[in-house]
Amino acid sequence: MAYRLLIDGELVEGAAQLDVINPATGRSLTAAPRADAAQAEQAIAAGKRAFPAWSKLTFADRRVYLEKLADAIEAQVDTLARLLTQEQGKPIRQATGEVLGTAKAFRYYAEQVLEPRILRETAQERIIEQRYPLGVVAAIAPWNFPLLMIALKVAPALITGNCVIAKPAPTTPLTTLLLGELAAEIFPAGVFQTLVDQNDLGSLLSSHPDIAFVSFTGSTATGKKVLSSTADTLKRFTLELGGNDAAIVLDDADIAKVAPRLFHGATANSGQVCVAIKRVYAPRSMIDALCDALGQLARDAAVGDGLEQGVTIGPIQNKAQFEKLLGYIAEAREEGTIVAGGEPVEGDGYFIRPTIVRDLPDDARLVREEQFGPVLPVLAYDDLDDAIARANDSEYGLGGSIWSGDVERGIAVASRIESGNVFVNRSVDLPLDIPFGGAKHSGIGRQQAVEGMEDFTQARIVNAALA
Ligand code: NAD
């Protein structure tokens, strides 16, 4: 099948092509169209032309379009899920979950309405907060949840009356392109468009005077570039960036119960989750038992091509990330003790068996940096205050989790963690109707829920004297 970009209502070829690699085989899956700067300019101009009519529609009018797209996604669930597994690597059941979650995100936002709010009403005055859309939005996504991340940007942008250009990561463009093909049948020209690049159009979008808002999810390093390139145009933006979430196991936790949940939180999507558990702190007296349990779970995991039945952990999404993880493992072997995993898997795919590491110093790169893969350091603590201080001693502040037999105690400890989200006795749970966003270098702004949707609008205070 030939994939095409959606620009100004037309499905078009790219100015060039790029090779999409299947991470389970390390071989080319297909070619994708690659846009150049001229095509990006065409898309921005088309979005600008489409904006006046689209923004004048009511929420109820726009709702119909979003629901039609959700229907179209659900009608193609198997095709989209298979393609997602092939380009991203995740096991097919998880890919199916992501596709259905994408449809759900469009349905959730389809139902939202931003009503004007009366801020003050007296015999003398009425003060109202209204919200109006911004213009053309750039939705820039990473490669870990290619479809869902696009949906969490595109759906709130569209329902609030903006036009949107979806730009996936260069290693996972195919499902976004297919989404564009579905959208081509539904939306007016220029309202929803797709652009694929080779990491070279992001700055054009984020610095362009006719892009009103950048909704960016990706690494902290790239997020900083986006922040600086939006400055000249005083552009609005949301940055959802990296994390290095600590899980703190309290001394009253039941290891048999907690270990599988910690393992899932650290290895779901091969650990390539922004709010994955990226380091574990446990009381020194519990560390042997916890490492035994995590090691067993790692040895039992079914690692393989996500299209194969029974596989629970797919490959790492791309070669650069795979090599980065091998580097962390090599260093961990020198500085700590590998409890399980740590060996490459035979073949050309980018597979890494879940790896549990203990006895690392706090300044090991695997502890300090975001590994973004199924390689988990487990660290001992003697004093809870010290564990909390070590958890907070990070430039990141995305998530974190506390594990305890006493949920109130868990919540009390969670209240001392400096991050945007803290889980208690669970992890990797981001409901659509709950706002999500990072502290410190993990981001600026909020995504999801009504708060995330409001970011795609400008507040206008209308202040009227009645007498
Ligand atoms: P990345 O920063 O390399 O790329 C993200 C996107 O930015 C891609 O579409 C890329 O093409 C684009 N890009 C590259 N250069 C750009 C520039 N100068 N201006 C604008 N855009 C540019 O990130 P990645 O490696 O694809 O994703 C992994 C990272 O994403 C991890 O750090 C992870 O924690 C983070 N992430 C965060 C969240 C969150 O919600 N906080 C969610 C998922 C992933």
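Let me start with the residue classes that line the second largest pocket of this predicted model, where 8 residues are nonpolar, 5 are polar and 7 are charged. In total the lining of that pocket is made by 20 residues, and if you want to find its centre on the screen, look for Leu-114, Glu-115, Pro-116, Gln-130 and Arg-131, which lie nearest to it. Two or more lining residues come from each of helix H2 (59-75), strand S6 (125-133), helix H15 (449-454) and strand S22 (457-465), and it is S6 that gives the largest share, with 5 residues. As for the volume of the second largest pocket, the value is about 330 Å³.

Now let me turn to the domains. The protein is divided into domain 1, which takes in 5-241 together with 442-465, and domain 2, which covers 246-432. Taken over C-alpha atoms, the centres of domain 1 and domain 2 are separated by 31 Å, and the contact takes 32 residues from domain 1 and 28 residues from domain 2.

How much area do domain 1 and domain 2 bury between them? The value is about 2400 Å², and 56% of this lies on carbon and sulfur atoms. On the domain 1 side, the residues that lose the most area to domain 2 are Pro-23, Trp-143 and Ser-442, which together make up 23% of what that side buries.

One last point about the interface of domain 1 and domain 2 concerns charge pairs, and here the rule finds 0 salt bridges across it.

Terms used. Residues are numbered from 1 along each chain as its sequence is written. This is a predicted model: local features need pLDDT of at least 70, side-chain atom pairs count only at pLDDT 80 or more; totals for chains, interfaces and linings use all residues. Side-chain values use heavy atoms; hydrogens and water are left out. On a 1 Å grid over the protein atoms alone, a cavity is a set of points where a 1.4 Å probe fits but cannot get out, and a pocket is an open set with protein on both sides within 12 Å along at least five of seven lines; lining residues have an atom within 4 Å of a point. Grid points are joined across faces, edges and corners, and a volume is the space filled by probe spheres set on the points. Helices (H or I, at least four residues) and strands (E, at least two) are DSSP runs, numbered from the N terminus. Ala, Val, Leu, Ile, Met, Phe, Trp, Tyr, Cys and Pro count as nonpolar, Asp, Glu, Lys and Arg as charged, and the others, Gly among them, as polar. Domain bounds come from an automatic or database domain assignment. Contact means heavy atoms within 4.5 Å. Buried area is the accessible area (1.4 Å probe) that two parts lose on being put together, summed over both. A salt bridge is a side-chain nitrogen of Lys or Arg within 4 Å of a carboxyl oxygen of Asp or Glu.
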